[in-house]
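Take a walk through this chain with the model open beside you. We begin with a single residue, then step back to the whole.

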Amino acid sequence: MNDEIFWAEQRAIDAASRGQQADPTACGTCQDNVKAGEQVEHEECAQRATLLQAPDHPSYELLAGVSMEENAKLPARFHIPVFDDCGKPNAWLCAVCQEEGAVSLWPCKTATEQGTKVFTPAHEAETALRRQAARIAELEKAARKAQEPMERLALAFENTGEPEIGRQIRSAIKAGAATQ
Ligand SMILES: [Zn+2]
Ligand SMILES: [Zn+2]
């Protein structure tokens, strides 16, 4: 097989696998095509990359109460770009590298250093989330048994290089206080 035929075939395979997802703003024809399991008719109606946060992405409140330095230590999957269209000039910022009055451009230091771990599939984040939830439940149980104040436990984690667990405990304390 000569190169030209090879590449023509590759392009055909590529084209056939493209456009099975319609963008939410796609025209009616393309939406119907996709519903029927076919390709979109117009290239501009195909869905392009969309950026989803990890299912365990920390909330704005959690991020705001912590220093930029601590937020930078969060797992790489949280360091995704967000476009700031209000700032002057507009810019791509890191979703978590922020503190009161300061933000980091994307890619931030963490996203650069751990580039391949930034965009993780959802199931990986979910596994991490489950593991973390189990660990926290275990710790809560241990803390109750030892009558250790949860605050002190959170502090211990924050001081031993696991700030994320620390802040999860703090949010659990806050949630607990809210329901009492
Ligand atoms: Zn269309
Ligand atoms: Zn970051």
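Predicted model: local features only at pLDDT ≥ 70, side-chain atom pairs only at ≥ 80, totals over all residues.

A49 has 5 C-beta neighbours inside 10 Å, so it counts as exposed. Where does A49 sit? Its place is in the loop between α2 (28-35) and α3 (60-64). From A49, look back along the chain to D23. The two residues are 26 apart in sequence. Their C-alpha atoms are separated by 9.9 Å.

Next, the whole chain under the burial rule. Of its 180 residues, 22% count as buried. Its overall dimensions come next. The radius of gyration is 22 Å, whereas a compact globule of 180 residues would have one near 16 Å. Along the principal axes, the C-alpha atoms fill a box of roughly 70 × 40 × 40 Å.

How is the chain divided? There is domain 1 (3-45), then domain 2 (51-119), then domain 3 (121-180). The centres of domain 1 and domain 3, taken over C-alpha atoms, are 45 Å apart. Contacts give another view of the fold. Take the contacts between residues at least 6 apart in sequence: 45% of them join residues at least 24 apart.

Now trace the secondary structure. The protein chain has 8 helices and 3 strands. Starting at the N terminus, the order is α-α-α-α-β-β-β-α-α-α-α.

What do the strands form? The 3 strands make an open sheet in the order β1-β2-β3, with antiparallel pairing. β1 (81-84) and β3 (102-105) stand at the edges. Each has a single partner strand, so one side of each is left without a neighbour in the sheet. Neighbouring strands of this sheet are turned by 60 degrees against each other on average, direction ignored.

As a reminder, strands of a sheet pair through backbone hydrogen bonds, either parallel or antiparallel. Follow one pairing in detail. Strand β2 covers residues 91-99 and pairs with β3 in the antiparallel sense. How many bridges join β2 and β3? The pairing runs over 3 bridges. For L93, the bridge partner in β3 is L105.

Key:
Residues numbered from 1 in each chain as written. Chains lettered and ligands numbered in written order. Helix = DSSP H or I, 4+ residues; strand = E, 2+ residues; numbered from the N terminus. Rg over C-alpha atoms; globule rule 2.2 N^0.38 Å. Buried ≥ 20, exposed ≤ 12 C-beta atoms within 10 Å, placed from the backbone. Contact = placed C-beta atoms within 7 Å. Pairing = 2+ DSSP bridges. Axes fitted to C-alpha atoms, helices over the stretch in contact; angles between N-to-C directions. Domains from an automatic or database assignment.
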